[in-house]
Amino acid sequence: MKLGVCVPYRNREAHLEVFVPRVAEYLKMQGIEDFCMYFGHQRDTKLFNRGLTKNVAAKYAFEDGCDYIVWHDIDMIPEEGGGADYSCPGDKPVHIATNISQMNYDLKYFEYFGGAVLFTKDQVERTNGYSNEYWDWGMEDDDLFWRCYLEGLLRVDEYCFLPDTGYLHFNGEDASVEIPVKNFPGLRNFSSKSHTVSILCRAYQQPQKQEIYLLGDQNRKYIEYPIFRIPGYDYGISFNNSKTLSLQFWNSFNQHNYMWAKRYDQQWSWVTVTFDVDNRVVRFYLNGMEVDAKHGHGSESPMRWVGRLKSYGPQSCFLGTTPSVPKDDAARYFKGDIAKVRVYNRVLDESEIIDLYRTDPDPDDIILNLDFSGENKGIITNNVVYKKEDLHIPHSMLPVRKPGRFTCLYHRDEGIVNGRFAKGEPTARNERRYMLAMQQGKVDYKQDGIAQLEGKYKYLGTDQIAPWAKMINIETVNAPS
Amino acid sequence: MKLGVIVPYRDRKEHLDRFIPYMKQYFYDEQISDYEIIVVEQMGKKPFNRGSLLNIGFLEAEKLGCDYVVFHDVDMLPVEADYTYTDKVTQIACTFKPEQKISYDYFGGVTLFPSKLFRAIGGYSNRYKGWGYEDNDLLLRCLKKNLPLGSKFFAQPCTCGQALEFTGESYVEFRRPVDFRKSCLIYVDFVVDRLDVDLRKGHDECSIFSIPGLDITLAYTGFGTYKFELFDTYEDVYSIHTEKMPPMHCKALIYYNEPLREFRFYLNGNHVGTKPLREGRRVKVMSNKLYLGVGNPVGTDKKGLVGKVLRFMAVDACTDEIFSRVLEEGISVLDPTETTIWVDTEHYTEGSGTLENLSGNGEDGKVVGCQTAYIPMKLILTVPVPNHREGTFRLQKHEKNGDNQGSWKTWETRMNQALYSRRSQSNDLEEDTDGLVNIENIARWIEEYQEGNVNLVKVKFI
């Protein structure tokens with residue numbers, strides 16, 4: 001099987017000199033004899049188009065007889081003995097740049113799909129390669145990640161499956177549920193004592209109210225859509241327009257506390273939070289697993305708070321809304337589905353939480369147990385719709401990964417520097433394309449990719465720069481300013 | 001497959017007495033039973049001729065029906081080595097205890113040849129007397145007959161484009177360049193095409209740049225090393241050498257740090273070495289001129305470069321900060337105005353005689369006799385080398401032969417070097433008149449002795 005190493009290239013001579021001999025040496029040591037490197041070299045001085053140059057390199061690789069490829073950054077060098085495995089992927093593409101030196105030998109971020117990814121010819125055809133429309137730095141890798149998701153080429157592990165389960169649908173306009181404390185005596189002041197809240201829900205973005213949070217947007221704002229709330233200085237669980245499930249609570253000094261986990265909308269999610277008042281420790285779980293701050297995927301858990309937790313008096317609890325904000329405020333109504341709501345009067349531990357979906361709560365522990373298979377006594381519903389379906393609760397979808405250690409060669413930072421895009425508007429444009437168009441299903445990726453290269457570049461010739469390396473020189477056509 | 005172990009021998013009785021029983025035991029342990037040991041002893045006082053002795057041993061091996069042979073030095077005892085048959089010419093002695101570095105093209109010590117192939121290439125040349133080069137010559141014979149060999153890859157810089165071409169007589173002169181009595185940085189991107197052997201001299205060398213007198217110089221030497229060398233005020237010499245490398249495209253970075261009085265030498269991104277001057281010494285600077293392409297433009301020994309220069313940059317009164325930046329990111333991170341000399345051969349007009357100094361802080365270079373040449377991007381230089389099979393050997397003690405990195409030990413070795421250089425450049429290996437074909441004419445068999453599968457042949461060369 002012949003491997004094509006496909007690398008986007010411009011102006012990184014120092015890296016080229018290191019990459020060509022060292023990666024060749026590594027591949028030979030790994031026993032891969034039949035390989036060739038293809039550098040997609042953009043020779044014009046317009047904005048650099050990594051997706052297009054990677055597609056060009058792949059195109060020439062396949063024409064040159066390669067059976068599978070690895071799309072590879074030029075500044076990533078596999079470390080000797082670091083385990084990077086360049087063998088042909090199985091039925092899904094494989095991401096191998098998992099432990100990289102500039103991130104302390106950790107992933108860049110949770111969904112990172114750059115550095116080095118292996119694809120078979122068939123998988124390239126299915127995703128149609130990269131988009132050709134990402135100019136300058138940013139997100140063409142993430143776009144490919146999403147294409148894999150849409151083609152079923154990611155790992156999607158399931159946390160659990162609940163067949164034929166009832167839930168309430170909230171329309172985001174005027175739907176809500178009120179849970180009066182007088183009907184559920186245990187609810188009175190539960191939140192200032194040790195407790196556990198566990199909710200199975202599915203959220204929807206509401207871009208008409210507030211756009212999905214973009215780093216490159218001058219007017220960006222966080223909005224927390226209320227899932228479960230005790231109003232006042234609101235205690236509760238929300239879905240936020242930055243694709244996040246969150247917990248907020250206050251102490252008696254009116255200090256705000258916040259925990260969160262990244263989660264796409266339209267995914268059933270089991271959120272559980274536990275408050276241990278004796279030790280002042282709060283924990284946040286998603287799908288039975290405690291979140292951690294690794295890879296920017298969540299906040300640190302456990303977290304400590306100071307002082308006493310706030311008391312709320314005889315307040316009702318709410319689902320899908322909070323009376324704390326005006327009726328026309330974007331943060332007033334939640335759009336989505338809620339299948340289960342449980343409140344316990346004690347701290348559940350890890351092993352209990354992971355098994356929550358298949359254990360019935362002990363009547364001694366449970367303060368509130370709502371399940372919408374049938375009517376629930378004691379709650380007041382407004383404009384909610386009862387529905388029933390098979391619930392699949394997925395873990396976060398991720399690429400298939402095989403751990404490999406890579407050294408990053410030195411270069412100046414081009415990504416996010418001090419919380420802002422180093423490259424400014426072009427990256428902001430890419431972010432909009434990815435988050436607002438591609439991820440919202442507005443882009444037909446079969447019309448933008450490796451099959452559409454014709455006319456997008458001018459071929460200038462190929463240089464044989466080493467016995468196993470070719471430089472494919474091109475000039476782009478129609479680059480934006 | 002029958003193996004013939006051929007051992008060239010003279011005068012090292014302790015080694016031989018240990019070698020034979022050791023090898024017998026080794027082969028027994030390795031379950032190799034079909035073999036002959038053939039020791040070829042050179043009598044008389046002529047210089048030791050390893051190639052001819054091995055040719056004679058081969059004839060014996062052929063008579064004894066050996067399918068393949070291993071040419072085996074008597075002072076090397078296998079610790080872990082595989083003597084089984086392969087159809088490729090193979091270098092087996094690769095690692096030594098005590099540790100000894102071998103060069104990339106080493107083809108001596110313990111080498112394996114299928115008999116048919118050794119016949120086909122005509123055997124060793126008989127013309128190499130004394131130490132050295134008979135094995136390099138053998139590799140040329142293998143190449144000429146297209147025997148399958150291995151490859152060694154050398155990484156080269158990715159720079160390309162128009163360069164200044166030097167003939168060995170041509171040079172570029174810079175007046176008042178950098179001052180080695182203060183900190184300074186020199187960068188040069190160059191190609192060495194070849195280094196000729198000049199028997200009028202004791203050793204060969206070509207300078208890529210030089211401040212003449214007691215030369216402060218970057219040079220490629222007859223030992224195949226790239227070196228940077230300077231002298232101190234007491235005329236002691238300081239040299240930093242790379243290991244043996246072929247003539248090729250390189251970029252060199254040299255940094256002299258005055259407060260620390262130490263200099264560092266980097267080649268193609270690798271740190272070759274750092275040397276401090278002795279206490280109280282300074283660099284001896286004997287000229288206010290710097291030359292590219294020669295050691296000294298006047299005199300008989302110009303040490304002229306046959307090759308090219310693509311880039312040359314020098315920074316006078318260089319700081320640690322500038323040095324680290326250049327080391328980390330390359331010279332493109334500097335602005336020409338931060339340097340003392342910055343020349344770009346890309347824009348040199350042939351015949352103009354002036355190489356413009358773009359720094360604005362120094363004089364232009366005067367060009368004498370240089371033309372221009374185009375250098376394509378070639379990131380990898382492929383050099384054919386013998387196939388390798390990893391083998392570890394213990395070395396028995398003996399007096400060291402060969403070079404001591406400054407001059408050849410005996411004149412014979414220098415003659416060998418000249419012969420090899422001539423043959424390698426002309427590609428006339430004279431294998432139809434020199435080798436197995438004429439070995440019987442130049443040697444006299446004195447005695448033959450056989451005991452079991454150990455054969456001793458004593459010969460004298462005419």
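In chain A, P302(A) sits in the loop that runs between β17 (289–290) and β18 (303–304). The model is predicted.

**Backbone geometry**

- Chain B also has a cis peptide bond, from K97(B) to P98(B), with omega near -5°.
- P98(B) is placed in the loop between β6 (95–97) and β7 (110–114) of chain B.
- N128(A) is not a glycine, yet its phi is positive, near 60°.
- This asparagine, N128(A), belongs to the loop between α3 (121–127) and α4 (140–150) of chain A.
- As background, most peptide bonds are trans, and most residues other than glycine have a negative phi.

**Contact between chain B and chain A**

- Chain B contributes 15 residues to the contact, and chain A contributes 14 residues.
- Three residue pairs are in polar contact across the interface of chain B and chain A, with both residues at pLDDT 80 or more.
- On the side of chain B that touches chain A, at least two residues come from each of β8 (150–155), α5 (320–329) and β25 (380–385) of chain B.
- That side of chain B is made up of eight nonpolar, three polar and four charged residues.

**Salt bridges**

- Over all chains, the whole structure has 66 salt bridges.
- Between chain B and chain A the count is one salt bridge.
- The side chains of E17(A) and K251(B) form a salt bridge, at 2.6 Å from N to O.
- E17(A) is in helix α1 (residues 13–29) of chain A, while K251(B) is in strand β16 (residues 249–257) of chain B, so this pair joins two chains.
- In general, side chains of opposite charge can pair when their charged atoms come close.

**Cavities**

- Rolling a probe the size of a water molecule over the atoms shows where empty space is left.
- There are three cavities of 30 Å³ or more in the structure.
- The largest cavity has a volume of about 50 Å³.
- Its lining consists of V181(A), L187(A), N189(A), F190(A), S191(A), I230(A), Y312(A), G313(A), Q315(A) and C317(A).
- By class, the lining of the largest cavity has six nonpolar and four polar residues, and no charged ones.

Conventions
Residues numbered from 1 in each chain as written. Chains lettered and ligands numbered in written order. Predicted model: local features only at pLDDT ≥ 70, side-chain atom pairs only at ≥ 80, totals over all residues. Heavy atoms only, no water. Contact = heavy atoms within 4.5 Å. Salt bridge = Lys/Arg side-chain N within 4 Å of Asp/Glu carboxyl O. Polar contact = N/O pair within 3.5 Å; in protein donor to acceptor, adjacent residues only side chain to side chain. Helix = DSSP H or I, 4+ residues; strand = E, 2+ residues; numbered from the N terminus. Nonpolar A, V, L, I, M, F, W, Y, C, P; charged D, E, K, R; others polar. 1 Å grid on protein atoms, 1.4 Å probe; cavity = no way out; pocket = protein on both sides within 12 Å on 5 of 7 lines; lining within 4 Å. Points joined across faces, edges and corners; volume = space filled by probe spheres on them.
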